[in-house]
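Here is a short report on strands, a core and a pocket. Please look over the sequence and the model first.

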Amino acid sequence: GESALKLIARKGRWGDALVDLRFRYGTINGERDLQIDLREAYLNVYMGPFDMRLGHQIIAWGRADGTNPTDNLTPRNLNVRSPHDDDMRLANFGLRLHVNLARHSPTAADMGADWMLRGELVYLPVYAPAQFPDFGLGPPIEFIKPRYPGFDFEGGSAAARLHFEHPAVDLSLS
């Protein structure tokens, strides 16, 4: 079974914050267990054409279902048994900046299409690995314990995306 507690606080038009806790109870690897998971906890700040998000967040890029080649910024938990792909997503600490570069909102007079052009920058200072089910293949194949990088701002990951939205088409370059 799973339950969630989601708290959202807003401060006028300049920002908001979100905390999302998940509680899971069930049999995992043959043992009954209660897991408490801080799914996301972040602060949003809105400054005109700029939107900034700082904190423990899930970043999902791309529109494809299932395996998506552009959705590789935050990891997945492959131990989660759910038909919903979103339930497997894990958050990572990071900074995300959106820049609204151009927008056309049609009026009744011009009857033009609504479109938007946005830029996005992401910085993730900490490596967060995917979680896999515990399994072994037996001799002669054995798994060694991985060595993950530590908290290192210089060794972090950075990404950029330019995104165009139109009623007929969505395009992005990342």
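Leaving aside its neighbours within four places in sequence, which residues is Leu124 in contact with? They are Ile59, Leu73, Asn92, Phe93, Gly94, Gly156 and Ser157. Contact means heavy atoms within 4.5 Å.

This is a predicted model, in which local features need pLDDT of at least 70, side-chain atom pairs count only at pLDDT 80 or more, and totals for chains, interfaces and linings use all residues. Residues are numbered from 1 along each chain as its sequence is written, and side-chain values use heavy atoms, with hydrogens and water left out.

**Core**

Leu124 belongs to the largest nonpolar core. That core has six residues: Ile59, Trp61, Leu73, Val122, Leu124 and Ala159. A nonpolar core is a set of buried Ala, Val, Leu, Ile, Met, Phe, Trp, Tyr and Cys residues joined through side-chain atoms within 4.5 Å. Buried means under 20% relative accessible area, exposed over 50%, and partly exposed in between (1.4 Å probe, protein chains only). In soluble globular proteins, nonpolar side chains tend to be buried together.

**Strand pairing**

Strands are DSSP runs of E with at least two residues, numbered from the N terminus. Two strands pair if DSSP finds at least two bridges between them.

| Strands | Bridges | Residues facing each other |
|---|---|---|
| Strand 3 and strand 4 | seven | Tyr42 and Gly55 |
| Strand 4 and strand 5 | eight | Arg53 and Arg96 |
| Strand 6 and strand 7 | nine | Leu121 and Ala160 |
| Strand 7 and strand 8 | four | Leu162 and Leu173 |

**Two buried positions**

Asn44 lies in strand 3, residues 31–47. Asn44 counts as buried because its relative accessibility is 7%. Beyond four places in sequence, Asn44 is in contact with Trp14, Gly15, Asp16, Met52 and Arg53. Arg53 is in turn the bridge partner of Arg96 in strand 5. The C-alpha atoms of Asn44 and Arg96 are separated by 9.4 Å, with the two residues 52 apart along the chain.

Ala91 is in the loop between strand 4 (50–57) and strand 5. Is Ala91 buried or exposed? Ala91 is buried, because its relative accessible area is 11%. Not counting residues up to four places away in sequence, Ala91 touches Arg39, Glu40, His56, Gln57 and Ile58. Gly48 is 43 residues from Ala91 along the chain, and their C-alpha atoms are separated by 27 Å.

**Second largest pocket**

The second largest pocket holds about 390 Å³ of space. Its lining has 24 residues, and the closest to its centre are Ala60, Trp61, Gly62, Arg63 and Arg161. Trp61 is also a member of the largest nonpolar core. The elements that give two or more residues to the lining are strand 5 (92–104), strand 6 (115–124), strand 7 (157–165) and strand 8 (170–173). Strand 6 supplies the largest share, four residues.

A pocket is an open set of points on a 1 Å grid over the protein atoms alone, where a 1.4 Å probe fits, with protein on both sides within 12 Å along at least five of seven lines; lining residues have an atom within 4 Å of a point. The volume is the space filled by probe spheres set on the points, which are joined across faces, edges and corners.
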